[in-house]
Amino acid sequence: MLPSASSAVPRFYLASRSPRRVEMLRALGYRFACQPADVDETPQPAESPPAFAARMALGKARAAAARAPTSLPVLGADTDVSVDGRILGKPSGRDDALAMLARLSGRSHQVCSAVAMVSGTQTLQVLTVTEVHFGVIAPADALAYWNSGEPADKAGAYAIQGGAARWVREIRGSYTGVVGLPLLETCELLARCGIHPEPAA
């Protein structure tokens with residue numbers, strides 16, 4: 001179950017089921033309600049990872065706005081891991097996750113994190129691309145990580161804020177973007193819609 005976003009009147013909807021996104025926005029003092037949206041997450045032929053992330057974020061925001069009970073602004077987000085231009089989604093099972101981790105082992109990969117805001121006829125978007133360099137991941141460690149349960153619902157089969165942190169050699173870009181929501185850029189986008197964090201009562 002998702003944690004409650006806020007008991008106060010929301011200022012916007014978050015088109016996401018991600019507890020991580022909810023927690024990050026709550027920690028900053030935003031008032032919002034969750035309005036998850038389901039969209040087809042199949043990449044289009046020859047679609048680049050940044051273009052895919054941007055399309056998904058906007059698609060989620062628009063889908064949630066169409067279903068939302070009121071006309072509040074809607075924030076959509078999408079985070080994708082890619083290596084050699086190939087998008088690594090959520091693993092379909094153990095073997096898929098282990099193959100992803102082996103592909104990421106000892107090298108750099110990119111994480112594209114897109115955010116879109118839909119407010120009436122207005123659409124705002126922002127995108128971050130972060131380079132993450134992993135050290136070598138031993139097969140036994142990858143298997144133990146899978147058995148922890150953490151990689152099962154994560155793009156690229158890892159969570160940088162969790163057990164995979166031990167493999168991070170270097171990161172260039174937005175750490176929070178890799179977690180799932182680039183906070184600096186998201187706060188700037190919300191501010192453009194007149195939405196700001198509020199101190200706890």
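**Reading a predicted chain: residues, rings and helices**

Me: In which strand is the place of Val132?

Reply: Val132 has its place in strand β6. Helices (H or I, at least four residues) and strands (E, at least two) are DSSP runs, numbered from the N terminus. The model is predicted, with local features needing pLDDT of at least 70 and side-chain atom pairs pLDDT 80 or more, while totals for chains, interfaces and linings use all residues. Residues are numbered from 1 along each chain as its sequence is written, and side-chain values use heavy atoms, with hydrogens and water left out.

Me: Is Val132 buried or exposed?

Reply: The general idea is a scale of relative accessible area: buried is under 20%, exposed over 50%, partly exposed in between (1.4 Å probe, protein chains only). Val132 has a relative accessible area of 0% and is therefore buried.

Me: With which residues is Val132 in contact, leaving aside its neighbours within four places in sequence?

Reply: Contact means heavy atoms within 4.5 Å. With those neighbours within four places in sequence set aside, Val132 is in contact with Arg107, Ser108, His109, Val111, Tyr158, Val168, Glu170, Ile171 and Val178. As for C-alpha separation, Val132 and Val81 are 9.7 Å apart in space and 51 residues apart in sequence.

Me: How many aromatic pairs does the structure hold?

Reply: Rings of Phe, Tyr and Trp (its six-membered ring) pair if their centres lie within 6.5 Å; planes under 30 degrees apart count as stacked, over 60 as edge-to-face and the rest as tilted. The structure holds five such pairs. One of them joins Phe134 and Tyr158, whose ring centres are 4.9 Å apart with 65° between the planes, an edge-to-face arrangement. This pair links distant parts of the chain, 24 residues apart: Phe134 belongs to strand β6 (residues 122–134), and Tyr158 to the loop between α4 (139–147) and β7 (168–172). Both Phe134 and Tyr158 are buried.

Me: Which residues do the ring pairs link into a cluster?

Reply: The cluster consists of Phe134, Tyr145, Tyr158 and Trp167, linked by ring pairs.

Me: At what angle do helix α3 and α4 pack?

Reply: Axes are lines fitted to C-alpha atoms, for helices over the stretch in contact, and angles run from 0 to 180 degrees between N-to-C directions. Helix α3 (residues 94–104) packs against α4 at about 135°, and their axes are 10 Å apart. Angles under 35 degrees count as roughly parallel, over 145 as roughly antiparallel, 65 to 115 as roughly perpendicular and the rest as oblique. The two helices α3 and α4 are therefore oblique to each other. Arg94, Ala97, Leu98 and Leu101 make the contact from α3, and Ala142, Leu143, Tyr145 and Trp146 make it from α4.

Me: How many nonpolar, polar and charged residues has the contact of α3 with α4?

Reply: By class, this contact of α3 with α4 has seven nonpolar residues, no polar residues and one charged residue. In this scheme Ala, Val, Leu, Ile, Met, Phe, Trp, Tyr, Cys and Pro count as nonpolar, Asp, Glu, Lys and Arg as charged, and the others, Gly among them, as polar.

Me: Where does Ala99 lie?

Reply: Ala99 lies in helix α3. At 45% relative accessibility, Ala99 counts as partly exposed. Its C-alpha atom is separated by 9.8 Å from that of Pro139, 40 residues apart along the chain.

Me: How many residues apart in sequence are Lys90 and Lys154?

Reply: Lys90 and Lys154 are 64 residues apart in sequence, while their C-alpha atoms are 5.2 Å apart in space. Lys90 has its place in the loop between β4 (86–88) and α3, and Lys154 is found in the loop between α4 and β7. With 58% relative accessibility Lys90 counts as exposed, whereas Lys154, with a relative accessible area of 12%, is buried. Beyond neighbours within four places in sequence, Lys90 is in contact with Asp96, Met100, Ala152, Asp153, Lys154 and Ala155.

Me: What is the phi of Asp84?

Reply: Asp84, although not a glycine, has a positive phi of about 55°. Asp84 is found in the loop between β3 (74–83) and β4, and at 55% relative accessibility Asp84 counts as exposed. Ala157, another residue other than glycine, has a positive phi near 65°. Ala157 has its place in the loop between α4 and β7, and with a relative accessible area of 0% Ala157 is buried.
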